[in-house]
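Please walk through this structure feature by feature. The report below takes rings, core, helix packing and loops in turn.

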Amino acid sequence: MKSIVNILLEIDKRLDEYKNLNQVFTFNDISKMAIKLLQDNTEIREEVKKNFKIIMIDEYQDTSDIQDELVKLIANNNVYMVGDVKQSIYRFRNANPNIFRSRYNEYTKYSEALKDKESTVIDLLKNFRSRKEVVEDINQIFSIVMSDKVGGADYK
């Protein structure tokens, strides 16, 4: 096991050396560089922050940890998120639906406790694209086979 780990670490090191030498990077590499730049440079971070009046994130259930970290660095009480954990489909590209779930729970508790408008949760519970019977039947089926523990969504 140690030998395999050492081989993988060496491959990772050589790949990083190659990418740096040839200035070829993945999207993930560039995202990490942007985060490091913002973390290490207060002036740049504040400049970027003040240039975003509103940050709107759609499909928030498919946000990755890296994307979430980047948004946290440039947010200034100006982030609006829309998502549905039942629709999370991008785990293969590091989407983390737990980010959505924990933020939803945090904001729900916060706005209920303080009764203010600073962090407001708006549940959009009506579906205007599908017939009521279709939505009810699908929710009934999935409520039997899925839960927070199995499937990561409470269909009730």
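F100 and Y104 both sit in helix α5, four residues apart, or about one turn of the helix. Helices here are DSSP runs of H or I with at least four residues, strands are E runs of at least two, and both are numbered from the N terminus. This is a predicted model, so local features need pLDDT of at least 70, side-chain atom pairs count only at pLDDT 80 or more, and totals for chains, interfaces and linings use all residues. Residues are numbered from 1 along each chain as its sequence is written, and side-chain values use heavy atoms, with hydrogens and water left out.

**Rings**

The structure holds three aromatic pairs. F100 and Y104 form a stacked one, at 6.2 Å centre to centre and 15 degrees between the planes. Rings of Phe, Tyr and Trp (its six-membered ring) pair if their centres lie within 6.5 Å; planes under 30 degrees apart count as stacked, over 60 as edge-to-face and the rest as tilted. Ring pairs also link Y60, F100 and Y104 into a cluster.

How exposed are these and some other residues? The table gives relative accessible areas for F100, Y104, D68 and R103. Buried means under 20%, exposed over 50%, and partly exposed in between, with a 1.4 Å probe and protein chains only.

| Residue | Relative accessible area | Class |
|---|---|---|
| F100 | 13% | buried |
| Y104 | 30% | partly exposed |
| D68 | 6% | buried |
| R103 | 14% | buried |

D68 lies in helix α4. R103 belongs to helix α5. Contact means heavy atoms within 4.5 Å. Apart from neighbours within four places in sequence, D68 is in contact with Y60, T63, I99 and R103. On the same terms, with residues up to four places away not counted, R103 touches Y60, D68, K72 and M81.

**The core**

Which residues make up the largest nonpolar core? There are eleven: I35, L38, I55, I57, Y60, V71, L73, I74, V85, I99 and F100. Two or more residues each come from α2 (27-40), β1 (55-57), α4 (65-74) and α5 (97-114). Helix α4 gives the largest share, three residues. A nonpolar core is a set of buried Ala, Val, Leu, Ile, Met, Phe, Trp, Tyr and Cys residues joined through side-chain atoms within 4.5 Å.

**Helix packing**

α2 and helix α3 (residues 42-50) pack at an angle of about 105 degrees, their axes 5 Å apart. Axes are lines fitted to C-alpha atoms, for helices over the stretch in contact, and angles run from 0 to 180 degrees between N-to-C directions. α2 and α3 are therefore roughly perpendicular to each other. That class covers 65 to 115 degrees; under 35 is roughly parallel, over 145 roughly antiparallel and the rest oblique.

From α2, L37, L38, Q39 and D40 meet T42, I44, R45 and V48 of α3. This contact has four nonpolar, two polar and two charged residues. Ala, Val, Leu, Ile, Met, Phe, Trp, Tyr, Cys and Pro count as nonpolar, Asp, Glu, Lys and Arg as charged, and the others, Gly among them, as polar.

**Two loop residues**

Most residues other than glycine have a negative phi. Q23 has a positive phi, near 55 degrees. Q23 is in the loop between α1 (2-22) and α2, and is exposed at 57% relative accessibility. N77 also has a positive phi, near 55 degrees. The loop between α4 and β2 (79-81) holds N77, which is exposed with a relative accessible area of 63%.
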